[in-house]
Amino acid sequence: MTKAIKIILQILKILFIVTGVLFVVYFWNLDQKLMAWAYKQVNKIFDRKKQDLNF
């Protein structure tokens, strides 16, 4: 019985840690900041490419 309780406590511990990390990401809007940085990097790459279509 104690082995089952230890497993349940371990699962709860992992869930609390995951919830805490997700809250920090949400609270400081880190996902959008990461996507803005990635978007700028991709734009730098594609702005250097020669365009084959001119309007």
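The expected span of a helix is 1.5 Å times one less than its number of residues. Keep that rule at hand for the views below, which all show a predicted model.

**View 1. Helix 2 covers residues 30–48.** How many Å does helix 2 reach from its first C-alpha to its last? The answer is 28 Å, close to the 27 Å expected for its 19 residues at 1.5 Å a residue.

**View 2. Helix 1 takes in residues 2–27.** Here the rule gets a second try. With 26 residues at 1.5 Å each, helix 1 should span 38 Å, and its end C-alpha atoms are 37 Å apart, which agrees.

View 3. A compact globule of 55 residues would have a radius of gyration near 10 Å, whereas the protein has 22 Å. The C-alpha trace spans about 70 × 20 × 15 Å along its principal axes. What share of the 55 residues counts as buried? It is 0%. The accessible surface of the protein is about 5,900 Å², and carbon and sulfur atoms account for 71% of that area.

**View 4. A nonpolar patch lies on the surface.** Its members are Met1, Ile5, Ile7, Ile8, Leu9, Ile11, Leu12, Leu15 and Phe16, and together they have about 980 Å² of accessible area. Take a closer look at phenylalanine 16, which sits in helix 1. Is phenylalanine 16 buried or exposed? Its relative accessible area is 62%, so it is exposed, since the exposed class starts over 50%.

**View 5. Phe23, Phe27 and Trp28 are linked into a cluster by ring pairs.** The count of aromatic pairs comes to two. In one of them, the ring centres of phenylalanine 27 and tryptophan 28 are 5.4 Å apart and the ring planes meet at 85 degrees, so this pair is edge-to-face. For that label, the planes must be over 60 degrees apart. Phenylalanine 27 counts as exposed because its relative accessibility is 54%. Tryptophan 28, at 49%, counts as partly exposed.

**View 6. Asparagine 29 lies in the loop between helix 1 and helix 2.** Why give this residue a view of its own? Most residues other than glycine have a negative phi. Asparagine 29 is not a glycine, yet it has a positive phi of about 55 degrees. This residue comes just after helix 1. What is the relative accessible area of asparagine 29? The value is 37%, so asparagine 29 is partly exposed.

How values were computed:
Residues are numbered from 1 along each chain as its sequence is written. This is a predicted model: local features need pLDDT of at least 70, side-chain atom pairs count only at pLDDT 80 or more; totals for chains, interfaces and linings use all residues. Side-chain values use heavy atoms; hydrogens and water are left out. Helices (H or I, at least four residues) and strands (E, at least two) are DSSP runs, numbered from the N terminus. The radius of gyration is taken over C-alpha atoms; the globule rule is 2.2 Å times the number of residues to the power 0.38. Buried means under 20% relative accessible area, exposed over 50%, partly exposed in between (1.4 Å probe, protein chains only). Accessible areas come from the Shrake-Rupley method with a 1.4 Å probe; for residues, only the protein chains shown count as cover. Rings of Phe, Tyr and Trp (its six-membered ring) pair if their centres lie within 6.5 Å; planes under 30 degrees apart count as stacked, over 60 as edge-to-face and the rest as tilted. Patches are made of residues with over 30% relative accessible area and no salt bridge: like charges are joined within 9 Å, nonpolar side chains (Val, Leu, Ile, Met, Phe, Trp, Tyr) within 5 Å. A salt bridge is a side-chain nitrogen of Lys or Arg within 4 Å of a carboxyl oxygen of Asp or Glu.
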